[in-house]
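Let's take a friendly walk through this structure together. Please have the viewer open as you read.

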Amino acid sequence: MLNLRCFKAGKGDCFLLTWEKGQTHRLLIDSGIEGTYRFFGPLVRDFTENDSIVITHVDYDHIGGIFKWLNDDQQPINPSVGFYMNTPQLLITPEQSDKVGIEHGINLEELLKETGITPRPLFLYQYEDNILHLNGLQLKILSPTSEVLKKLIKEWTAREIYQNYLDKKLEDNDKVSAKGISNNRSKDDILNNAPQPHQWNKDLLNSSSIAFVLSFNDANILFMGDSNPDLVADELSDQGYTPDNKLPLEMLKISHHGAKYNTTKRLLEIIDCSDYLISTDSSGPYYHPSRETLILISEYGRSSRDKPIVIYSNYSLDIDKLLSEDERFNIEFKEIEQLEIVKKKDDGTFE
């Protein structure tokens, strides 16, 4: 059985998985904003070689908590921890670090190495069958490709990404409460004119995000990070998944906090899933999740037409601003802190 904890991460992601395989093992997936550290910090202080960290991409709302941890002298990161990232060399350490100043141009990769950690890049075609094995857990990598990473490294410098980090940090400190997150588009309009994903080369930071199917005891969770849904669907299609041969999932962690450009009919139609997870506090300026994403999930994300959908979130969502009462039919919304994930039986109940 997998225990999944979903931390308050602002507009970001931060999850902790715990499982037993001879002994207890843990995997931290992303670290939210800097303030998220106060939630996950007490649970990772004793991380060892039995535990791992995956940072899906170098964006503020996924990397902030790691910066906070690196600056916690009372709780240093154990150098034996498995540390995986897409591009650790593309993020400069915070200027408040007492280890190194921003003026020195030291990047996260070098800071980690100073602490004895060698970050391991994670993308397609690095491992046999694209599977990373972590103490009985399997991560089937779906994104990114080396082509995406090469273009990211070519077009972005560490300093540019760090400035993007600072801008988003400032934006988060000045965030406004959730309001105006509804729009006037009808369900039919959304289904007939669904938003198209960004071209991956026009949205490199998010398109470089690590996405993977996490498997344990035949239970599968698709963690999308902030990845491009077309790139993920391409990889799943290459693996033979189609609307007639769907990928079975216990849960799908929706990409980019429910943004309207990161979930598509094509992706939803090649998975067999009824439970979804959205990580967001709904604050501005983005007000995620989008109405478009929820409509697409409702229409195309069901195992069967009569089977209910459950949408989990780490904050309370104002559903009245997102869906009408009729549109909420056979959809349940749940705010959660943690879940036990096990393989479902054919009738949808848990074993």
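What follows looks at a helix, then at some charged pairs, and finally at a serine in a loop. Keep in mind that this is a predicted model.

Start with helix α4, which spans residues 146–155 and has V148, L149 and L152 as its buried residues. These residues lie on the same side of α4, because the arc they cover around the axis is only 95°. Among the elements covering them are α7 (204–207) and α8 (229–238). Turn to the face pointing away from this buried side and you will find the exposed residues E147, K150 and K154.

E155 is partly exposed at 40% relative accessible area, and K151 is partly exposed at 26%.

The structure has 16 salt bridges. One of them pairs K187 with E299, with 3.7 Å between the closest N and O atoms. This pair links distant parts of the chain, 112 residues apart: K187 belongs to helix α6 and E299 to helix α10. Elsewhere, R26, D46 and D51 are linked in a salt-bridge network.

Finally, look at S274, in the loop between β13 (271–272) and β14 (275–278). Is S274 buried or exposed? Its relative accessibility is 3%, so S274 counts as buried. Its side chain makes a polar contact of 3.1 Å with that of S303. Beyond its sequence neighbours within four places, S274 also touches other residues, including G301, K307 and V310.

How values were computed:
Residues are numbered from 1 along each chain as its sequence is written. This is a predicted model: local features need pLDDT of at least 70, side-chain atom pairs count only at pLDDT 80 or more; totals for chains, interfaces and linings use all residues. Side-chain values use heavy atoms; hydrogens and water are left out. Helices (H or I, at least four residues) and strands (E, at least two) are DSSP runs, numbered from the N terminus. Buried means under 20% relative accessible area, exposed over 50%, partly exposed in between (1.4 Å probe, protein chains only). A polar contact is a pair of N or O atoms within 3.5 Å; within protein, one must be able to donate a hydrogen and the other to accept it, and residues adjacent in sequence count only if both atoms are side-chain atoms. Contact means heavy atoms within 4.5 Å. The arc is that of the directions from the helix axis to the C-beta atoms. A salt bridge is a side-chain nitrogen of Lys or Arg within 4 Å of a carboxyl oxygen of Asp or Glu.
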